Amino acid sequence: MSEIGTLADFPHNGSYSTTVEGRSLLVVRQGETFFVYENSCPHTRETLDPMGGSVLSDDGLLLHCQRHAAQFHPQTGECIGGPCLGEFLTALPVVVSRDVLYLD
Ligand code: FES
């Protein structure tokens with residue numbers, strides 16, 4: 001397992017870019033639940049967040065790619081609007097142990 005970070009590194013209800021062992025990741029936290037994706041938009045394979053900051057909407061219902069406005073379901077990674085409609089972010093399995101988030 002590779003450590004992504006402590007839970008305190010990822011405050012509630014937001015998305016966070018990080019790099020683990022050379023992989024660019026997008027960590028999404030909703031309450032106590034985490035979803036981790038490769039930070040690679042299916043549209044161009046570039047990161048979703050070139051401008052920085054969270055790409056999770058304030059209501060927590062959508063992830064918005066900052067490049068061309070694709071919208072993704074935060075819990076499945078499915079593109080539900082925009083140029084990559086029907087494609088998916090690549091989800092990565094994670095585990096939480098003793099307040100640390102790991103790639104499984
Ligand atoms: S790169 Fe994400 S919508 Fe184009």
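**Exercise 1.** Classify R67 by its relative accessibility and describe the salt bridge that its side chain forms.

*Solution.* At 29% relative accessibility, R67 counts as partly exposed, a class that lies between buried (under 20% relative accessible area) and exposed (over 50%), computed with a 1.4 Å probe on protein chains only. The model is predicted, so local features need pLDDT of at least 70 and side-chain atom pairs count only at pLDDT 80 or more, while totals for chains, interfaces and linings use all residues. Residues are numbered from 1 along each chain as its sequence is written, and side-chain values use heavy atoms, with hydrogens and water left out. The side chain of R67 meets that of E46 in a salt bridge at 3.6 Å, N to O, where the term requires a side-chain nitrogen of Lys or Arg within 4 Å of a carboxyl oxygen of Asp or Glu. E46 lies in the loop between β4 and β5 (63–64) and R67 in the loop between β5 and β6 (71–72), so the pair ties together parts that are 21 residues apart in sequence. E46 is partly exposed too, with a relative accessible area of 38%.

**Exercise 2.** State how many salt bridges a search of the whole structure finds, and describe the pair R23 and E38.

*Solution.* The search finds 3 salt bridges. In one of them, the side chains of R23 and E38 meet at 3.0 Å, N to O. This pair links distant parts of the chain, with R23 in strand β3 (residues 23–30) and E38 in strand β4 (residues 33–38), 15 residues apart; strands are DSSP runs of E, at least two residues, numbered from the N terminus.

Methods
Helices (H or I, at least four residues) and strands (E, at least two) are DSSP runs, numbered from the N terminus.
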